[in-house]
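The model is shown first, followed by notes on each topic.

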Amino acid sequence: MNMYDIAKETGFSIATISRAINNSGYVSEKTREKIMKVIDEKGYSVNPFAKGMATSTMSLAGVLSTDSRDLYQAECIYYLQNALRKQGYTTLLACTGSELKNKQEAMRLLLSRNVDVIFLIGSGFVEKSGRDNMYIKEAASKIPVILMNGLLENSKVHSIRCNDVKGMKELATVVLNGGSKKPILLTRKLTFSAREKVKGFEEACQKAGITTEGRILQLDPSRKLSEHVGEVLDGQDFDAILCVDDEIAVFAMKYCLNHGFSIPDQVQITGYNNSLLSDMPPCEITSYDNLLNYLCDTSVSCMVQVLDGKDYPRDSVFSGTLVTKMSTNQTEE
């Protein structure tokens, strides 16, 4: 049993439970007695690891990342920790890699530490098989689980995500309005987020009367982008390259420049995330700002409200912002 279980059993907030256990702040004697009675009956004990690290009012948030080297996830960890710190939470971070068994083990580890909430960074945690997602759903039946930029339907998991269909559709529309007739899309593993971006690309192309058959190219996640992007682009017929993130876009631009293409006159290029990488190449890359800081702040706000016993939408979707730069043809509106 953890503090979230006690909160559900007694009807009091996590903050009230914490004050009662740690004898900090005001809690009426009647409330304290009710809480302590449940603790005695259910056998709650303070996690020794957490207690050894903490002050009497400390709370713990678990964070799972598949790859902290990834620029998107690294920035997300930074913003998320800052937002959690403002709420008095200490973060326990586990990097899982892509293997399902490692994700499951990391989840078990965080639960054993009696964390109050678990954040999953990115849609890489959503598996195609519903059975493979059961470990997430089971965790969500015990404590709040917040999935950042992914979606697990029909579950207790709270999803906070950017509208990636809209984002990629806007990027594709930019290059199509800029004269592209042969756009291609470069993607990595087809996670939920990547599939949403594919939808946006397809919708924009369909509206422009352009078929997408053979124009969605998937990169091998086990290969180095510096080598693999060029291999995938060799022999392709394109006048625009849309990429699911800025890192891919940088190598796509490098390929084009090395092969004598003029940007954006001959080839337009777009990235995604509006990271620092989009401003580093010789020609700044048009990208989509998915408001990562807002995503993290909203995820923590969700945590606060759920832990306080308030209702919060299972799926919250927000729109990012298109940021046009030198790598695409700009048209007059």
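## Helix α12

Helix α12 spans residues 292–307, with 16 residues, and reaches 23 Å from its first C-alpha to its last, close to the 22 Å expected at 1.5 Å a residue. Helices here are DSSP runs of H or I with at least four residues, strands are runs of E with at least two, and both are numbered from the N terminus. The expected span is 1.5 Å times one less than the number of residues.

Among the buried residues of α12 are L292, L295, C296, V300, M303 and L307; buried means under 20% relative accessible area with a 1.4 Å probe, protein chains only. Just after α12, G309 has a positive phi of about 80 degrees.

## Basis of the values

This is a predicted model, in which local features need pLDDT of at least 70 and side-chain atom pairs count only at pLDDT 80 or more, while totals for chains, interfaces and linings use all residues. Residues are numbered from 1 along each chain as its sequence is written, and side-chain values use heavy atoms, with hydrogens and water left out.

## Helix α8

Helix α8 (residues 164–177) has 14 residues and reaches 20 Å between its first and last C-alpha, close to the 20 Å expected at 1.5 Å a residue. Its buried residues include D164, V165, G167 and M168.

At the start of α8, a side-chain oxygen of N163 comes to within 3.4 Å of the backbone nitrogen of V165. Just after α8, G179 takes a positive phi of about 110 degrees.

Terms used: Buried means under 20% relative accessible area, exposed over 50%, partly exposed in between (1.4 Å probe, protein chains only). A polar contact is a pair of N or O atoms within 3.5 Å; within protein, one must be able to donate a hydrogen and the other to accept it, and residues adjacent in sequence count only if both atoms are side-chain atoms.
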